[in-house]
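Thanks for coming. I will take a few minutes to go through one structure, part by part.

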Amino acid sequence: STGCWSPEILEAADLDPAQLPDIRPSASVVGTVLPSVAAEAGVPAGTPVVIGGGDGACAAAGAGVVAPGSAYNYIGASSWIALATPAPIFDPDYTTFTFAHILPDLFMPDGTMQTAGAAYQWTRDQLCPQAITAAATLDLNPYDLLNAQAAQSPPGANGLLFLPYLLGERSPHWDPLARGAFVGLTIRHTRADLIRAVLEGVALNLRLILQAFQAQGAQPDAIRLIGGGARSDVWLSIKADLLDMEVLRVDCEEPACQGAAMLAAIASGQLPGLAAASQAFHRVKRRFQPDAVRHTCYLNEFGIDALSSDAGEAR
């Protein structure tokens, strides 16, 4: 909160503050490329070196999450929901955690799940190997074929629930021994139901993360989607319906790299500021609105309460 090293943590770890580097703003020039490494790095000697930020914080800038109240969801092998807030969110249940944002005076509360796209990849490889062969023949992405099948199954996947804990879980459970499962599987379930259940299971866990933020007073009105999983229309539609929130697909293939590049441009005087740069560089490609009928179906199918600022009591 104060932008300095924590005296309590230093004391607990028996560390001398003199052992630690100075804390600098992300858009700070901290040196230049030395002649001895310029050729190996492939950039001219004297090029400014900017301190930068972590991947998630840079991705926030690339996704356009640079104002309090905005939020994004990355969906790659893992997945997380992150916000931009004027103060840290200290969840008393330890469901989420908080990073510094790369913008001064902003913070980035975050809740991360372990297997999202990785669960979908497992589904492709283990349950749908024929899609890989067919996609190669048709010159398509195998996930396009899986998405088309998932769209044939109704919300709730005909009563099938997938627990996406294939590598244990981080938020909200923090349990390395958590395991995945299909719950409610019957002989009438189809491959389409299995695929849809995987997409819904990931979205349900992200719902728990969002619920934790809302219990602490955070109320984003939309979520920007980035990462490879953001290419799936059916997955984004599921998320919009389950979260009961507008989902925005952002026109940015590599948001973390873009955020880092914007930091470098700002620090070297090529761009005026991160907020303006983010607005100039990111665009919303498509908006997914929640459907009230499907949302109600999910509430009834899974026996879950509506998301609200009272979500903590519901948990």
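**Notes from the group meeting**

Let me start with Gly217, which follows helix H7 and has a positive phi, near 100°. Please keep in mind that this is a predicted model.

Now H7 itself. The helix has 25 residues. From its first C-alpha to its last, H7 reaches 36 Å, close to the 36 Å expected at 1.5 Å a residue. How many of the residues of H7 are buried? The count is 22 of 25, and H7 is mostly covered.

Next, the loop ahead of that helix. His189 sits between strand S8, residues 181-183, and helix H7, residues 191-215. Is His189 buried or exposed? Its relative accessible area is 12%, and buried means under 20%, so His189 is buried. The side chain of His189 reaches the backbone oxygen of Asn158 at 2.7 Å. Leaving aside residues up to four places away in sequence, His189 touches Ala157, Asn158, Gly159, Leu160 and Gly184.

Last, a pair of helices. Two packed helices are described by the angle between their axes and the distance between the axes. Helix H4 covers residues 117-127 and helix H5 covers residues 129-138. They pack at an angle of about 90°, with their axes 4 Å apart. H4 and H5 are therefore roughly perpendicular to each other. Which residues meet there? From H4 there are Arg124, Asp125, Gln126 and Leu127, and from H5 there are Pro129, Gln130 and Ile132. The residues of this contact of H4 with H5 divide into 3 nonpolar, 2 polar and 2 charged.

That is the end of my part.

Key
Residues are numbered from 1 along each chain as its sequence is written. This is a predicted model: local features need pLDDT of at least 70, side-chain atom pairs count only at pLDDT 80 or more; totals for chains, interfaces and linings use all residues. Side-chain values use heavy atoms; hydrogens and water are left out. Helices (H or I, at least four residues) and strands (E, at least two) are DSSP runs, numbered from the N terminus. Buried means under 20% relative accessible area, exposed over 50%, partly exposed in between (1.4 Å probe, protein chains only). A polar contact is a pair of N or O atoms within 3.5 Å; within protein, one must be able to donate a hydrogen and the other to accept it, and residues adjacent in sequence count only if both atoms are side-chain atoms. Contact means heavy atoms within 4.5 Å. Axes are lines fitted to C-alpha atoms, for helices over the stretch in contact, and angles run from 0 to 180 degrees between N-to-C directions. Angles under 35 degrees count as roughly parallel, over 145 as roughly antiparallel, 65 to 115 as roughly perpendicular and the rest as oblique. Ala, Val, Leu, Ile, Met, Phe, Trp, Tyr, Cys and Pro count as nonpolar, Asp, Glu, Lys and Arg as charged, and the others, Gly among them, as polar. The expected span of a helix is 1.5 Å times one less than its number of residues.
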